[in-house]
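This briefing goes through one structure topic by topic. Please look at the sequence and the model before reading the points.

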Amino acid sequence: MSKNPSEEKLDLLISYILIVGVIASVLIEATGIFEYYYAHRDLDIVFKQEFALKGTDFFSYAAQTIQALFVGKWTPVTVLAFGLVLLLITPYVRVLASVVYFGLVRNVKYLSITLFVLVILTASLILH
Amino acid sequence: MNLKFMSPLASNRELTLINMLGVLIISIFAGFLGALTGLGGGSIMIPVLVAFDIPVKYAIAASMVTIVATSSGSAASYVRERITNVKAAFYLEMFTITGAIIGATITSFIAPRYLYFFFAAFLLTSFYGLSGHMKEEFPGETRQDRFSRWLQLEGSYYDQAARKEVEYKMTNAHLGGLGMFIAGLAAGMLGIGAGAFKVSVHELILKMPSKVSSTTSNFIIGITALAGASVYFASGLIFVGLAAPMAVGTTVGALVGGRILNRFHNRVIRYLFLVIVFALIVQMLYKGITLQ
C-alpha cells in the first residue's frame, strides 16, 4: 500500500514548489516591511485603495507589479504587493505542475481531477 | 523611531489600533498554534484583529491570503515526510474551491454583523464533532466503498509518536466531497481555511488517521484560500499593510509548529484544538453581540 516511486517524485516536486514559493514571498514581504518603515518612518496599516491589491484581473495585476519592479518604478507598497502576488501564485503553480505530471504518467483519472481544479482557479482569477 | 505595537494615529479612521509590527508578532503565535492543531493561523488571527477594531471584511480578506502562506509552508514538510495524502487532497480540492468562490462572493455583499455569528456557529460545529471522539488515535480497520477504491484513497505513513507504520483506507468519498464543499463555502466566506471542519470531515466521514487528516487539511487549505482570495482581490479588500505582516508572521510560526507536530500524541493535539476553538467562539460571539 506504500506509495510508488513515481508518486514520491510528485510529492517532492510539490514540496519544492511550495517551499521555494513561500520562502521567496516571505523574504520579499519582510524586505517590503523594512522599506516601508524607512520610507514612512512608521509601520501604520492604511486602508486606502492605493494600498489594496486591485486590478482588472489577477494575472494582469501580477504582470504590472513585476514590470514596475523591473523598470525601477517601485515603492515599498509595490514590493509588498509583489510578495503577496508571488505567494498567491505558489499554490497555482503546484496545481499546474500536478496537471503536467499526471499528463506525463497518463493517469487520466487524476489528470481530469487536477485539470478541473486548474480551470476553476484560472477562471476565478481572470473573471470578475 | 516609532516601533511601538500600537499606531499613534488610531483616531484617524483610515488607520488601525495596531500597526504592522504588532500584527507580525501576534501572527507568529497564531501561525504556530494554527499549524499544530490544523486550524490554520488565519482562523486565530481574525478574532484577534477584530478585537483591534480592524473591519471584519478586511481581516477576512487578509486572512485568506495569509492562509495560503501558512498552508503552503507547513504542507511542504508534511508532503515530503509523506504524511499528507496528496491524491485525496486533489479529489477533495474540487469541492472546496467551488465552495470557496461562492462563499467569498457572499461575504463581499453580506452585512458584517452576520459574519461574526456565522464564524462562531461554524466553529461550534467542529468543536462538537471532535469532542465525542477524543479517544480515537487511529480509525482502525475500514471497509472501503467502491468509489473510494476507484479513487485509490488509501495510503500509509510512519507515526513517530506511536513508532509504527500506519496503513489506512478511506471510505465515503462521495459524502466527503459534499462535506468539503460546505467546508470550502465556509472557508471562502469566513476567511478561516475551515481547517477545523475539514479535519472533522476527514476523520468522521472519510476515516483518515488524525495526523493524515490535519496535514491533508493543511495542504487543501492553500488552494481553497487562493480560490477565496481571488474573489477578495476582485473586491479590492486585500490591503498590503495588513496581509504582508500576517503572511510573514504566520509562515514563521507555522514552520516551527509543523516541525514539532509529529512529536506530539494525537490526543494532546486534539485537546489543544478544543481549547483554542472554544476561545475563538467566545470572542466572535462577544464581538457580534456588542457591534454597534
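Leaving aside its neighbours within four places in sequence, which residues is A229(B) in contact with? In this predicted model, A229(B) is in contact with L88(A), M64(B), V65(B), V68(B) and I238(B).

**Chain A**

- Chain A has 4 helices and 0 strands, and its pattern along the sequence reads α-α-α-α.
- The radius of gyration of chain A is 18 Å, whereas a compact globule of 128 residues would have one near 14 Å.
- Along the principal axes, the C-alpha atoms of chain A fill a box of roughly 55 × 30 × 25 Å.
- Of the 128 residues in chain A, 39% count as buried.
- When contacts in chain A between residues at least 6 apart in sequence are considered, 65% of them join residues at least 24 apart.

**Chain B**

- Chain B contains 11 helices and 2 strands.
- The order of these elements along the sequence is α-α-α-α-α-α-β-β-α-α-α-α-α.
- Chain B has 292 residues, of which 62% count as buried.
- For contacts in chain B between residues at least 6 apart in sequence, 81% join residues at least 24 apart.

**Helix α1 of chain B**

- Helix α1 of chain B runs over residues 20–37 and has 18 residues.
- From its first C-alpha to its last, α1(B) reaches 25 Å, close to the 26 Å expected at 1.5 Å a residue.
- α1(B) is mostly covered, with 14 of its 18 residues buried.

**The contact between the chains**

- Chain B brings 54 residues to the contact, and chain A brings 54 residues.
- On the side of chain B that touches chain A, at least two residues each come from α1, α3 (56–80), α4 (86–109), β1 (154–159), α9 (210–235) and α10 (240–260) of chain B.
- α3(B) gives the most to that side, with 10 residues.
- The residues on the side of chain B that touches chain A comprise 33 nonpolar, 14 polar and 7 charged.

**The nonpolar core**

- The largest nonpolar core has 140 residues.
- The members that touch the most other members are L84(A), A62(B), V65(B), A229(B), I238(B), A243(B) and A247(B).
- α3(B) gives the most to this core, with 15 residues.

**The hairpin in chain B**

- β1(B) pairs with strand β2 (residues 164–169) of chain B in the antiparallel sense, over 6 bridges.
- Within this pairing, Y158(B) stands opposite E165(B) in β2(B).
- The two strands, β1(B) and β2(B), form a hairpin with 4 residues between them.
- In the turn, R163(B) has a positive phi of about 55 degrees.

**N172 of chain B**

- N172(B) is found in the loop between β2 and α7 (173–190) of chain B.
- Why does N172(B) count as buried? N172(B) is buried because 20 other C-beta atoms lie within 10 Å, and the cut-off for a buried residue is 20 or more.
- Not counting residues up to four places away in sequence, N172(B) touches D145(B), S148(B), I205(B) and L206(B).
- R143(B) is 29 residues from N172(B) along the chain, and their C-alpha atoms are separated by 9.8 Å.

Notes: Residues are numbered from 1 along each chain as its sequence is written. Chains are lettered from A and ligands numbered from 1 in the order in which they are written. This is a predicted model: local features need pLDDT of at least 70, side-chain atom pairs count only at pLDDT 80 or more; totals for chains, interfaces and linings use all residues. The expected span of a helix is 1.5 Å times one less than its number of residues. A residue is buried if 20 or more other C-beta atoms lie within 10 Å of its own, exposed if 12 or fewer, and partly exposed in between; C-beta atoms are placed from the backbone. Two residues are in contact if their C-beta atoms, placed from the backbone, lie within 7 Å. Ala, Val, Leu, Ile, Met, Phe, Trp, Tyr, Cys and Pro count as nonpolar, Asp, Glu, Lys and Arg as charged, and the others, Gly among them, as polar. Two strands pair if DSSP finds at least two bridges between them. A nonpolar core is a set of buried Ala, Val, Leu, Ile, Met, Phe, Trp, Tyr and Cys residues joined through C-beta atoms within 7 Å. The radius of gyration is taken over C-alpha atoms; the globule rule is 2.2 Å times the number of residues to the power 0.38.
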